[in-house]
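Please keep the model open while working through the numbered points.

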Amino acid sequence: YNHIPAREVKALVGAEVWEGYFKFCCERNPWDRLISLYFWRHRNEPRPSLAEFLASDAPRRLKSKGIELYCIDGQVAVNRICRYENLTADLEQVRLQLGLPEPLLLPNAKAGHRQDRRSYRDLFGETEREKVARLFREEIALLGYEF
């Protein structure tokens with residue numbers, strides 16, 4: 001299934017295969033990630049307020065599809081974490097490290113679904129910003145994300 005946690009993948013493939021493979025993942029600034037999910041889930045008006053969305057179970061479910069995908073027992077278990085905000089450059093480095101011959105072409109699969117193109121910084125109030133910071137504190141600390 002999609003978004004299998006590292007612990008489960010390692011158990012499925014075994015330690016020898018796990019250790020022999022180059023493993024990488026992509027992570028995204030949690031505030032930006034939540035805004036993306038908000039607009040993806042609520043493509044049409046009327047939308048709930050951002051505060052209502054953050055009070056739902058959606059942020060906690062999103063969290064479960066994050067750091068556990070690439071950490072085991074709180075430790076990074078992959079060789080590289082690509083940052084969504086640098087995705088093209090980071091994946092190019094992965095491509096070169098793996099010796100893949102062709103540059104990667106990334107699709108814009110969901111790019112047209114969000115009409116409000118403002119930065120996440122313009123959409124969060126102080127209370128909402130702090131709620132996300134508390135929920136995603138491990139990812140923020142690990143990758144040095146700032147609001």
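1. Alanine 51 counts as partly exposed, at 37% relative accessibility. Here buried means under 20% relative accessible area, exposed over 50%, and partly exposed in between (1.4 Å probe, protein chains only). Alanine 51 and lysine 131 stand 80 residues apart in sequence, yet their C-alpha atoms are 9.7 Å apart in space.

2. The model is predicted, with local features requiring pLDDT of at least 70 and side-chain atom pairs counted only at pLDDT 80 or more, while totals for chains, interfaces and linings use all residues. Residues are numbered from 1 along each chain as its sequence is written, and side-chain values use heavy atoms, with hydrogens and water left out.

3. The largest nonpolar core has 25 residues, of which Leu34, Phe53, Tyr70 and Phe124 touch the most other members. Such a core is a set of buried Ala, Val, Leu, Ile, Met, Phe, Trp, Tyr and Cys residues joined through side-chain atoms within 4.5 Å. Two or more residues of this core come from each of α3 (30-41), α4 (50-55), α5 (58-63) and α8 (137-143). The largest share, six residues, is given by α3. In soluble globular proteins, nonpolar side chains tend to be buried together.

4. Helix α3 therefore deserves attention: nine of its 12 residues are buried, so this helix is largely enclosed by the rest of the structure. Among the buried ones are Trp31, Leu34, Leu37 and Phe39. The buried residues of α3 pack against β1 (24-27), α4, α5, α7 (126-135) and α8; contact means heavy atoms within 4.5 Å. Leucine 34 touches several residues beyond four places away in sequence, including Phe53, Leu62, Phe124 and Phe136.

5. What caps the N-terminal end of α3? Asparagine 29 does, with a side-chain oxygen 2.9 Å from the backbone nitrogen of tryptophan 31. From its first C-alpha to its last, α3 reaches 16 Å, close to the 16 Å expected at 1.5 Å a residue; the expected span is 1.5 Å times one less than the number of residues.

6. Strand β1 has a covered face, Cys25 and Glu27, and an uncovered one, Phe24 and Cys26. It pairs with strand β4 (residues 80-83) in the parallel sense over four bridges, where pairing requires that DSSP finds at least two bridges between the strands. Glutamate 27 stands opposite arginine 83 in β4.

7. How many disulfides does the structure hold? It holds zero, a disulfide being a pair of cysteine sulfur atoms within 2.5 Å. The sulfur of cysteine 25 is 6.6 Å from the closest cysteine sulfur, in cysteine 26, which is too far for a bond. Cysteine 71 is likewise in no disulfide, and the nearest cysteine sulfur, that of cysteine 25, is 7.9 Å away.

8. Some backbone details remain. A cis peptide bond, with omega about -5°, joins glutamate 45 and proline 46, and proline 46 has its place in the loop between α3 and α4. Aspartate 73 has a positive phi near 55° although this residue is not a glycine; its place is in the loop between β2 (71-72) and β3 (75-76). At 62% relative accessibility, aspartate 73 counts as exposed.

Technical notes: A polar contact is a pair of N or O atoms within 3.5 Å; within protein, one must be able to donate a hydrogen and the other to accept it, and residues adjacent in sequence count only if both atoms are side-chain atoms.
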